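Biologist: Can you walk me through this one? Show me the structure, then we'll talk.

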Amino acid sequence: MTQIPLPALRASNPIAFLAALGTLRILDGIRPSWQPRIRWINNGDWIPELSVTGDNSLEQVSAALATKLTNRATAPEFNWADVIAVCPELFHAKAEAAVEAATVSQRETVDFFSAFAAEGATSNSGDLKPTDLCMTSGRMKFLKEMRTITANLASVPELGQASLAERFQAVLTGPWHYADPQHSLGWDPTNEPVHALGAYDPSGDGKQTSVRELVYLASESLSLFPVFAHFGRLRTTGFHLDESRRSWFFWPIWEPQLSLRSVRCLLQLSELAHPTEKESELRTRGIHAIYRSRRHEFGKGYGIFRPAEVAVGG
């Protein structure tokens with residue numbers, strides 16, 4: 001096995017955590033023979049360490065991420081609508097088509113639909129409520145944004161520009177330069193001063209910069225956070241309410257090398273919502289730290305993750 005540290009994806013930033021999971025999910029899907037695993041190592045801050053079979057290198061991992069991206073422009077999970085908050089009938093029809101097309105080994109689109117919305121959880125307008133990881137609104141349409149991101153990344157690089165694989169490698173190793181005129185979709189707390197407190201409409205074109213490859217990798221993790229309806233309210237895996245009914249995103253940091261299937265199970269542990277009370281149980285599962293970030297809403301349906309804090313461990 002080859003161990004490949006990804007030093008830029010620090011656990012203390014929610015978008016970096018999501019990007020680490022997105023990287024694992026991509027490799028599990030298109031390079032299953034590599035048997036990808038991931039764990040977190042502490043070098044002053046927790047960073048992910050990827051484990052793959054053979055002599056596969058960081059360059060090969062980055063090339064695999066680029067290969068996945070080039071097939072994303074026509075992905076059905078991003079092309080069925082512009083927004084997730086559609087009428088239940090439309091969502092049901094599209095999700096049912098995805099189920100009929102799925103197989104045991106090819107169920108990516110179905111997994112995304114299970115993470116987008118759930119029948120039985122609707123807004124006052126009658127449309128479905130989207131996942132808590134959807135923090136766009138108004139003119140900024142979530143699925144349309146995903147198509148824009150993938151199309152921009154898949155475009156032929158200009159003369160002298162780094163290849164897509166090289167840009168993915170730079171995102172995994174850092175530093176990040178925030179040079180892309182692209183919204184971070186609310187997942188990057190470092191962007192909050194740029195728009196949440198700015199004197200302009202956050203949905204406006206070109207008002208925020210981010211790292212486009214990073215946002216894309218984070219989006220590939222969405223299917224690991226399924227949603228469900230509970231008494232008419234939508235609940236998203238990883239999100240829990242505090243006593244003031246503020247929504248927090250909790251994510252675990254583990255030391256054993258885990259496969260995608262194991263990570264998926266870990267994310268759904270109920271103990272994550274009560275880390276201080278369940279610390280001993282969490283440690284027996286190999287979890288040594290838990291971070292949390294508040295999902296802050298502002299404007300007309302826009303949101304952003306606030307800077308993360310350590311809930312337990314560290």
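Modeller: One term to start. Buried means under 20% relative accessible area, exposed means over 50%, and partly exposed is in between (1.4 Å probe, protein chains only). This is a predicted model, where local features need pLDDT of at least 70, side-chain atom pairs count only at pLDDT 80 or more, and totals for chains, interfaces and linings use all residues. Residues are numbered from 1 along each chain as its sequence is written, and side-chain values use heavy atoms, with hydrogens and water left out.

Biologist: Okay, so is R285 buried, partly exposed or exposed?

Modeller: R285 is partly exposed, with a relative accessible area of 43%.

Biologist: Which residue does R285 form a salt bridge with?

Modeller: With E271; their closest N and O atoms are 3.8 Å apart. A salt bridge here is a side-chain nitrogen of Lys or Arg within 4 Å of a carboxyl oxygen of Asp or Glu. E271 sits in the loop between α10 (260-267) and α11 (279-284), and R285 in the loop between α11 and β8 (287-298), so the pair ties together parts 14 residues apart in sequence. Helices (H or I, at least four residues) and strands (E, at least two) are DSSP runs, numbered from the N terminus.

Biologist: And E271, buried or exposed?

Modeller: Buried, at 15% relative accessible area.

Biologist: How many salt bridges are in the whole structure?

Modeller: A search finds 16. One of them joins the side chains of R72 and E108, at 3.2 Å from N to O. R72 is in the loop between α2 and α3 (76-79), while E108 is in helix α5 (residues 108-116), so this pair links distant parts of the chain, 36 residues apart.

Biologist: How accessible is R72? And E108?

Modeller: R72 is buried at 2%. E108 is partly exposed at 25%.

Biologist: What about R295 and E297?

Modeller: They form a salt bridge too, with the closest N and O atoms 2.4 Å apart. R295 is buried at 11%. E297 is exposed at 52%.

Biologist: New topic. Which residues of α7 are buried?

Modeller: Helix α7 covers residues 164-173, and its buried residues are L164, R167, F168, V171 and L172. They span an arc of only 140 degrees around the axis, which puts them on the same side of α7. That arc is taken from the directions from the helix axis to the C-beta atoms.

Biologist: What covers them?

Modeller: The cover includes α1 (14-30), α2 (58-70), α6 (142-154) and α9 (212-219). Contact means heavy atoms within 4.5 Å.

Biologist: What follows α7?

Modeller: G174, with a positive phi near 80 degrees.
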